[in-house]
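I opened this entry to keep track of what I looked up, one topic at a time. The structure goes in here before any notes.

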Amino acid sequence: MRAYDIILKKREGRELAKEEITFMVKGFTDGLIPDYQMSAFVMAIFFRGMSARETADLTMAMVESGDCIDLSSIEGIKVDKHSTGGVGDKTTLVLGPLVAAAGIPVAKMSGRGLGHTGGTIDKLESIPGFNVQIEQEAFIDNVKKHKIAIVGQTGNLTPADKKLYALRDVTATVDSIPLIASSVMSKKIAAGANAILLDVKTGSGAFMKTVEDALRLAKAMVDIGVEVQRDTVAIVTDMNQPLGNAVGNALEVKEAIETLKGRGPKDLTELCLVLGSYMLLLAQKVKSPEEGRSVVFDTLSSGAALEKFRETVVAQGGLGEVVDNPGLLPVAKKQIPVLAQSNGFVQSIKTDEIGVAAMILGAGRETKESKIDLSVGVVIRKKIGDRVRAGEELAVLHANDEGVAQDAAAIINQAYKIGPGATSMPKLVHGIVTKEDTKIFKSYITF
């Protein structure tokens, strides 16, 4: 086989054989196929697309390029969850304990953030002493003993994906459904999951700006799951405003703890109940999402999920006292209000700009080398549909640099659109994609 012939075949819109896809991925990973040929290949995919079978073959070629985590010694069906990312998305911090308290093993490998806020691992590191780099054997033992462990990605997982993404990033081929879908699913499969739940974000703070594009991505990833014998469900959720109120690492941990105490924001609580119900369904713990919701609601309302969070923190070397005293988390020196300039109702929020403001404060990384300030961020006071009066707080900045905070405040004021007409809050869940069908929801609450 020659790379030239495979590139030409895809450029002409023909379907590639598994062996041809594997040849390209392995050759590029091993350094035998140069960047310029792989760039041409991914550009051909960008314009011509891939079938469900081709996308699954691309996924598995990336999985097989490196190590795979063996979770078979852990009893039960291991369900992994992945979010395509958003502003204030701290669901793993709530969802992991919620599901683990129901007896489902949560063996979670998460990444660090690049962009507006840190990733799950960065957030957990705001808890004093929390160790995210435990050895694989200890990771598995923790799941066996406590039903949950959350660690940073270790080993040589999907090196082909890392190398391919770096190339896509500089060749304007990031936003391709087959390439995004295979990238996400390769990491989940390599991490040892038996079943996969996907939270696909859509809206102004998401990569997929429209519901239609988010549904297309969701369907592509579910199709990969079907092709490679992994039960997969994708839930398309809203990111037209920050999830919850807190944006920033320690601030999000504090909000997650409040949510586990039953005092969290309505949207964050509801989303975790929805996602948790489907994780229980995928784990074959329940026979319907409705039954699953009842179970995870019980783990929340009984306090079992909160105690599981405390248990997780202590098991990984963290200070369990943060559960009772979130003031032990890093705290910024200044709290600076951002005030509304006019009367009216919040009609829309440029959610990605809220994320930019948080990043400017130091809550996220502009580059992989950037250092995160775990204490800073934004706490939203007004969301879509809320009435606002001039001089009221739209948000509060938690900052360590007043000059930087002024820039962030200007961005937040520009992100809010305030007008005379009342606007209803966005739907939280837009649709659910399974191997059987796609359901579109019309109401805020799904059940």
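The model I am reading is predicted.

**Entry 1: positive phi**

I began with the backbone. Most residues other than glycine have a negative phi. I looked for exceptions.

Threonine 158 is one of them, with a positive phi of about 40°. I found threonine 158 in the loop that runs between strand E3 (148-152) and helix H8 (159-169). Its relative accessible area is 1%, so threonine 158 is buried, the cut-off being under 20%.

Glutamine 284 also has a positive phi, near 60°, and is not a glycine. Its loop sits between H12 and helix H13 (289-301). Is glutamine 284 buried or exposed? I read 61% relative accessibility for glutamine 284, so I noted it as exposed, the cut-off being over 50%.

I took aspartate 199 next. I placed it in strand E4, residues 195-202. Aspartate 199 counts as buried because its relative accessibility is 0%. Which side chain does the side chain of aspartate 199 make a polar contact with? I found threonine 237, at 2.6 Å.

With a relative accessible area of 5%, aspartate 80 is buried. I noted a polar contact between its side chain and that of lysine 108, at 3.4 Å. Leaving aside neighbours within four places in sequence, aspartate 80 contacts Lys108, Lys188, Ala191, Ala193, Ala195, Ile196 and Leu197.

I located it in helix H3, residues 35-48. A relative accessible area of 45% makes aspartate 35 partly exposed. Which residues does aspartate 35 touch, not counting those up to four places away in sequence? I listed Phe28 and Leu167. I also checked aspartate 35 against lysine 163. They are 128 residues apart in sequence, and their C-alpha atoms are 10.0 Å apart.

Phenylalanine 47 has a relative accessible area of 62%, so I recorded it as exposed. Its C-alpha atom is separated by 8.0 Å from that of arginine 11, 36 residues apart along the chain.

Then I checked helix H5, residues 91-100. How many of the residues of H5 are buried? I counted 10 of its 10 residues, so the helix is mostly covered. Among the buried residues of H5 I wrote down Thr91, Thr92, Gly96 and Pro97, as well as Leu93, Leu95 and Leu98.

**Entry 2: nonpolar cores**

In soluble globular proteins, nonpolar side chains tend to be buried together.

The largest nonpolar core has 82 residues. Those with the most contacts inside it are Ile127, Ile235, Ile354, Val378, Leu397 and Ile412. Which helix gives the most to this core? I found H12 (residues 266-282), with 10 residues. Another core lies apart from it, with 38 residues, among them Val151, Val184, Val236 and Val433.

I then took leucine 397 from the largest core. Beyond four places in sequence, leucine 397 is in contact with residues including Val378 and Ile412. I also saw Lys334, Gln335, Ile336 and Val338 in that contact list, and Ala405, Ala408 and Ala409.

**Entry 3: the second largest pocket**

Last, I looked at open space. I read a volume of about 400 Å³ for the second largest pocket. Of the 21 residues that line it, the closest to its centre are Leu251, Lys254, Glu255, Val379 and His398.

Helix H11 (249-260) and strand E9 (377-380) each supply at least two lining residues. Which element gives the most to the lining of this pocket? I noted H11, with five residues. By type, I sorted the lining into 11 nonpolar, five polar and five charged residues.

How values were computed
Residues numbered from 1 in each chain as written. Predicted model: local features only at pLDDT ≥ 70, side-chain atom pairs only at ≥ 80, totals over all residues. Heavy atoms only, no water. 1 Å grid on protein atoms, 1.4 Å probe; cavity = no way out; pocket = protein on both sides within 12 Å on 5 of 7 lines; lining within 4 Å. Points joined across faces, edges and corners; volume = space filled by probe spheres on them. Helix = DSSP H or I, 4+ residues; strand = E, 2+ residues; numbered from the N terminus. Nonpolar A, V, L, I, M, F, W, Y, C, P; charged D, E, K, R; others polar. Buried < 20%, exposed > 50% of the residue type's maximum accessible area, 1.4 Å probe, protein only. Polar contact = N/O pair within 3.5 Å; in protein donor to acceptor, adjacent residues only side chain to side chain. Core = buried A, V, L, I, M, F, W, Y, C linked by side-chain atoms within 4.5 Å. Contact = heavy atoms within 4.5 Å.
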